[in-house]
Amino acid sequence: MNGTALLEVDKLEVVYQRAITAIQGVTLAVRKGQIVALLGTNGAGKTTTLRAISGFLGLDDARVTEGAVRFRGSRLENRPPHEITRRGLSLVPERDKVFPNLTVAENLQAVVRRGRSGDARVMDDAAYHFFPKLKELRKREAGLLSGGERQMLAIAAGLMCEPDLLLIDELSLGLAPVAVENLTQSLVSIRDELAISILLVEQSAGVALRIADYGYVLENGRIVLDGDAERLTRHADIQEFYLGQASGNRRSYRDVKQYRRSRRWYG
Amino acid sequence: MQFVVNIMVLAAIYALIACGYVLIYRVSRVLNLAHGELMMLGAYLLVATASAFAASPLMAVVFAAVMSLAVGGMVYLFLMRRMTGETVLAAVLTTVALGILIRGLIVLFWSAQQQHPRAMLGWDNPVIVLPGDARISLYSALLIVATVIVYGGLFLFLRFGRWGIRMRAAGQNPLLAAQRGINLHAVFALAWGLSTFTGAIAGMLIALDSGLDSTMTMIGLKAFPAALVGGLDSLVGALIGALIIAGAEVGVIRFIDPLLADVVPFIVLIVMLVIRPWGLFGTREELDRV
Amino acid sequence: MSKPLPSASGHFRRSYADEFRLIETRFAKAMTLVFAVFLIGFPFVASPFYVDLATQVFLASIGALALMLLTGIAGQISLGHAGLLAAGAFTAGILYKETAAPFWITIPASAVTGAVLGIVFGLPSLRLRGLYLAVSTLALHFVVVYLGGEYETRRGYSTGILVDPPVVFGFEIYSPRIWYFVLAAAAGIALLVSINLMRSRSGRAWRAIHSNETVAEALGIDMARYKLLAFVISSAMTSVAGALFAYYRGFVSIEAFSLYLTIQYVAMIIIGGMGNLLGALLGAVFVTLFPYLIEGLMSALPGADRLAGSVFAVNYAAFGFVMILFLVFEPQGLVGIWRRVRNYFLLWPFKHKALGGSS
């Protein structure tokens, strides 16, 4: 690994209710200007990792028991969420990502900016620049938006925090492929124009690896694979189990189990 | 005509007090049963500043109002903040205990005797004769004006003010609000401050109108059905609820039995709880969130 | 009642009969006996003032136990306790005044009044939860108090109803010492009833409802029935306590049943410790004696005469302050403190109890 990392997660372990270990020894890094994908199936520990980074663990009686999260060199664990946002790290959550009774414009106004650009309108324009559709919907209550529009609004609101790093939980969940395509394009242009790094947590490897520079695969609470997006895309197991492209003859379910077992102690 | 004026004045009192209940409930889902005492404290602060600022009565009012704003914020920061995450019962009982503490302290500092801040400030309270031969005292009229101003101000603040929007956001989804960089403690403290501030304005005007002693808390308690009938999370509801409660109360005093006055708001409340527990304008899901 | 850690005390239940026993060990038996002897001997050695205090504590214990069953065990928040006490006191007072009914009629009658009111108070609980239930009971409190006040003014007893001492088997209960024993017995019965309710199906159903209504219903617990039952039993007990209060004071006035009285009872179960019958008793003792404690402290302070006028206000403020302290710093109440102390001595010289230990 070279270059200075914006976000470093180092051998992180999170335990729920002092009994259940959700993730163990998770190590990952996001460098400036990078889009990094964190892949994994349901229950692999993606959301837990994200919550540990964004400081939302306390609610479920979960705790970081080992390891560290460093953002631009300073530790982040167990800090109140609004402070983490103020340090330049903003999260787009998986569910409940907008304030349903507020209009689109109000959703954007509610955000506390870090105060870099003095004028609020500059950021407003930025949000509408990346998601022009929101401008038409400005006066509509967010609860009435479609799933794709909500996701746009959530990302736009995340941008309004003026972050250095945007964390997105389940970008494509429940959205039409066209909407996902648009969103991924917006993410790329956000990265290119504003130099904001993005950590993308996804179930759908196809979506994530298309725009990511680097990827990690999480399974049973451990990182089992990591590498350049290109390398991951070409990786046989990824193709088989995450992209659904069976290479050659079909394998039986027993082989799937085999794969899982062989990967378990990888990270 | 006098009948309508009486209803309007009482409704203004209830509405001005009820918005305090609504503000706090809306952002933090806590029912503040110390609101009556906090409002009374605001009125007593006026008594305190009245003797300190005898030369400039208006300054006394302004100073007392600002102090009550600070008191409300401090109540949150030093007491209610510790109750986040506790059960509803614990949080509500904390406010009850706070109310008792405040009442005790008030009697300790100012004695239980009736106070007359208006006389202390050297103001008088002329009766205004309205068309239709209805009479209204100056401070009763000011109460109505204050209610209109406070509701208008709150409406503008919540609709267009940056922190107003944040307050609404925090009330809807505190988690997401924190993720968007909103300092929840600041928002809650602001809600408590504003609530105490509006309550104190009501308390001061009532005290200026008709004197002040510790029975004022009963008015605070009777305003609470108004908030609930309208729906605990709706300002418009509080306004309508105040009108309903005041109408019922004045009507009962006029036509049935003056003794019923103190119990009518609660009878209306029971009826409402049976028919539509979430109130006229409240959100239905509130019930399950308690 | 909470039992000491079985494993730590070296006591094990060896048969089903052991499970049913109220007093399990020889040591507990001895302690109970000592306590009983103390209670019986107390009025003969203590001054009338202290006998009166103890009697007040017994009276408060009944109400506190009833509220603990309802709020602490069944989880139904009620802010109408003073209304129920008033209902009992007024039933006794009115029956006595209007029909000269004897003691053995007025007490059951107030229990019935309480039970009926319990249904009225409890009906909202079928639809409302938490905060809203508390509010509805609060509203009912005002209605009951209004009705009492209305009766007083209509009948011209605007200062209150005088109730003569009850006569039982031609024997007038008048002397404080007799009252001490009567109310001690009443409190004892209330405690026994509560303990046995806790150990029965109803008690288990209530605790299930308290922890999770949906799950309790899924387990086949008849929600409406057990919620109403909790209200009915609690209200009947409270009402009887109110009637006894009327007889003991010899005087009923609606003034006595303010919202503050409700808060005092709620404070008893909070300060005592939620969900625990011992807590109700400790809370009753604490809250009843608290004003006297403050008064004593104030008279000990220099310049006591100057402060004499503000005793009431100081009391009030101090009570609110103590309640806040308990809510914020010791949500488990006195029972929590008692448990920690007890476990410390039980386990000494070890510091921690074994994993999975009960209580």
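# Briefing: chains A, B and C

Chain B has 13 helices and two strands as its secondary structure. Its radius of gyration is 19 Å, close to the 19 Å that the globule rule gives for 290 residues, so chain B is as compact as a globular protein of that length. This is a predicted model. Two pairs of chains are in contact, and chains B and C share the most contacts.

**Chain B overall**

- Along the principal axes, the C-alpha atoms of chain B fill a box of roughly 55 × 45 × 35 Å.
- Chain B has 290 residues, and 57% of them count as buried.
- Take the contacts in chain B with a separation of 6 or more: 75% of them come from residues 24 or more positions apart.

**The hairpin in chain B**

- Strand β1 of chain B covers residues 127–130, and strand β2 of chain B covers residues 134–137.
- These strands, β1(B) and β2(B), run antiparallel and are joined by four bridges.
- One of the facing pairs is B:Val127 with B:Ser137, which sits in β2(B).
- Three residues lie between β1(B) and β2(B), and the two strands form a hairpin.
- In the turn, B:Gly132 has a positive phi of about 90 degrees.

**A residue in helix α3 of chain B**

- B:Met67 is found in helix α3 of chain B, which spans residues 57–78.
- Around B:Met67 there are 19 other C-beta atoms within 10 Å. A residue needs 20 or more to be buried and 12 or fewer to be exposed, so B:Met67 is partly exposed.
- In sequence, B:Met67 and B:Arg82 are 15 residues apart. In space, their C-alpha atoms are 22 Å apart.

**Where chain B meets chain C**

- The contact draws 31 residues from chain B and 34 residues from chain C.
- On the chain B side, the elements giving two or more residues are α4 (88–110) and α12 (264–275).
- Helix α4(B) supplies the largest share of that side, with 16 residues.
- By residue type, the side of chain B that touches chain C has 26 nonpolar, two polar and three charged residues.
- Chain A and chain C are joined by no contact. Their closest C-alpha atoms lie 13 Å apart.

**Chain A overall**

- Chain A contains 11 helices and 10 strands.
- Of its 267 residues, 43% count as buried.
- Consider contacts in chain A between residues at least 6 apart in sequence: 71% of them join residues at least 24 apart.

**The sheet in chain A**

- Four strands of chain A make an open sheet in the order β2-β1-β4-β5. The pairing is antiparallel.
- The edges are β2 (20–31) and β5 (74–75) of chain A. Each has a single partner strand, so one side of each is left without a neighbour in the sheet.
- Strand β1 (residues 5–16) of chain A pairs with strand β4 (residues 62–71) of chain A over eight bridges, in the antiparallel sense.
- A:Val15 has A:Arg63 as its bridge partner in β4(A).
- Helix α1 of chain A, residues 46–54, lies across β1, β2 and β4 of chain A. This helix, α1(A), runs at about 115 degrees to β1(A).

Terms used
Residues are numbered from 1 along each chain as its sequence is written. Chains are lettered from A and ligands numbered from 1 in the order in which they are written. This is a predicted model: local features need pLDDT of at least 70, side-chain atom pairs count only at pLDDT 80 or more; totals for chains, interfaces and linings use all residues. Two residues are in contact if their C-beta atoms, placed from the backbone, lie within 7 Å. Ala, Val, Leu, Ile, Met, Phe, Trp, Tyr, Cys and Pro count as nonpolar, Asp, Glu, Lys and Arg as charged, and the others, Gly among them, as polar. Two strands pair if DSSP finds at least two bridges between them. Axes are lines fitted to C-alpha atoms, for helices over the stretch in contact, and angles run from 0 to 180 degrees between N-to-C directions. The radius of gyration is taken over C-alpha atoms; the globule rule is 2.2 Å times the number of residues to the power 0.38.
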